[in-house]
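Biologist: I am new to this one. Please show me the model and take me through it by question and answer.

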Amino acid sequence: MAEPMQTDDPVASAAAGQPKQKQKVDRLTEGRDAPWVEKYRPKTLDDVAAHKEIIDTIKKLTHENRLPHLLLYGPPGTGKTSTILAVARQIYGGAMQNMTLELNASDDRGIDVVREQIQDFASTRSVFSNKFKLVILDECDAMTRDAQFALRRVIEKYTRNTRFCLICNYVSKIIPALQSRCTRFRFPPLDEGHVRDRLQHVVDAEKVKLGPGGMDALVTLGGGDMRRTLNILQSCHMACDVVDEKGVYLTTGNPLPSDIESVVNWLLNEEFTAAFQSITKLQIDRGVALVDIVRELHPWMFNIAALPPKVRITLVEKLADIEHRLAYGCSEQLQLGALVAAFSLVRDDIVAAAQ
Ligand SMILES: Nc1ncnc2c1ncn2[C@@H]1O[C@H](COP(=O)(O)OP(=O)(O)OP(=O)(O)O)[C@@H](O)[C@H]1O
Ligand SMILES: [Mg+2]
């Protein structure tokens, strides 16, 4: 089991050889220095923020002991692993460790593991309980195709006493035959309201001092990924006394919205050399990479109402090219030149359209 288990049942934990480990686990996941993503990992299904319909459905199915094979998919940090661990905790309580087999990307999951470890676990029936066992295959988009093919038969063969829960980011990497054996639930990025509520909960519990714009910046940079949001909050809390907008952007090395506004102004209004130098200075002062500036410029291309459609299209295309070249490791300076040049070239068209 990769996931540290918290159990309230001393008998079960003693049976599983737990007492010595418990202190260690607590310090790692509950202590003052623990990563907040683990410390505030939802323990029960009620703690999982958002995804209300999914949680309600899963709750109902577990309550009636009718849990089907599950396939949970969606972007990182949206609560997939937390949800299934909460389900396992709810079904088995202290006996969770004996009744679940959790394999994730850090375990080998080639065809041999499917044939041996998974099959061994799934095939043995639990003597003292009429509950089914649970096999959690986390990050299973990294499983080889051969292993996935082998899993098809195993899932069917042991359905009587075992349920499988497959978790992945990219559902397209799971073979259709496995998909059709499972009930699929998509975990979309968390919406802003839920991220705010959850953040506020952690902010209150950890007594973080939030400054103006801090919460908004965390929500924006987190992009609906609760893990990323909590990690940013924790690193900002360690880096600055007050977590405000500037602190969040600077700690994460992202350009401030006001910086991007200046860049847009320089690009549209200044001469080539002056714009080039101003942006270079800003990059040095703030320590931001060109690729971050290009990424943040992209939404601006849709927000500036004065841009004629043709110019907008040209600029968006050029931004995409520059980002592509930067990703391939081309020189930042030359690409900055290309960025300034792209705007210089369309300037006449913008003026003509305005007249
Ligand atoms: N819906 C949620 N409600 C509350 N906290 C959440 C939620 N989703 C994620 N978190 C926080 O983010 C952390 C990571 O969540 P989790 O491991 O469940 O993500 P995941 O969907 O499995 O991501 P990945 O695809 O990267 O494995 C949790 O420990 C928790 O702190
Ligand atoms: Mg996960």
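Modeller: Helices (H or I, at least four residues) and strands (E, at least two) are DSSP runs, numbered from the N terminus. This is a predicted model, in which local features need pLDDT of at least 70, side-chain atom pairs count only at pLDDT 80 or more, and totals for chains, interfaces and linings use all residues. Residues are numbered from 1 along each chain as its sequence is written, and chains are lettered from A and ligands numbered from 1 in the order in which they are written.

Biologist: How many helices and strands does the protein chain have?

Modeller: The chain has 355 residues, of which 32% count as buried. A residue is buried if 20 or more other C-beta atoms, placed from the backbone, lie within 10 Å of its own, exposed if 12 or fewer, and partly exposed in between. Its secondary structure comes to 18 helices and 7 strands.

Biologist: Where is His51, and is it buried or exposed?

Modeller: His51 sits in the loop between helix H3 (36-39) and helix H4 (52-63). Its phi is near 50°, a positive value in a residue other than glycine. His51 has 24 C-beta neighbours inside 10 Å, so it counts as buried.

Biologist: Which residues is Ala147 in contact with, leaving aside its neighbours within four places in sequence?

Modeller: Ala147 belongs to helix H8 (residues 145-157) and counts as buried, with 20 C-beta neighbours inside 10 Å. Ala147 and Val114 are 33 residues apart in sequence, but their C-alpha atoms are 6.3 Å apart in space. Two residues are in contact if their C-beta atoms, placed from the backbone, lie within 7 Å. Beyond the neighbours within four places, the contacts of Ala147 are Arg109, Gly110, Ile111 and Val114.

Biologist: Which residues touch the most other members of the largest nonpolar core?

Modeller: A nonpolar core is a set of buried Ala, Val, Leu, Ile, Met, Phe, Trp, Tyr and Cys residues joined through C-beta atoms within 7 Å. The largest one here holds 58 residues, and those touching the most other members are Cys165 and Leu166.

Biologist: Which helix gives the most to this core, and why does the core lie between two domains?

Modeller: The core lies between domain 1 (10-186) and domain 2 (192-251) because both give residues to it; these bounds come from an automatic or database domain assignment. With 7 residues, the helix that gives the most is H5 (residues 80-92).

Biologist: How are H16 and H17 oriented to each other?

Modeller: The axes of helix H16 (residues 290-303) and helix H17 (residues 309-327) come within 10 Å and cross at roughly 160°. Axes are lines fitted to C-alpha atoms, for helices over the stretch in contact, and angles run from 0 to 180 degrees between N-to-C directions. Angles under 35 degrees count as roughly parallel, over 145 as roughly antiparallel, 65 to 115 as roughly perpendicular and the rest as oblique. H16 and H17 are therefore roughly antiparallel.

Biologist: Which term describes H15 and H18?

Modeller: Helix H15 (residues 272-286) and helix H18 (residues 332-354) pack at about 135°, with their axes 10 Å apart. Among the residues that meet are Phe276 in H15 and Val340 in H18. The two helices are therefore oblique.
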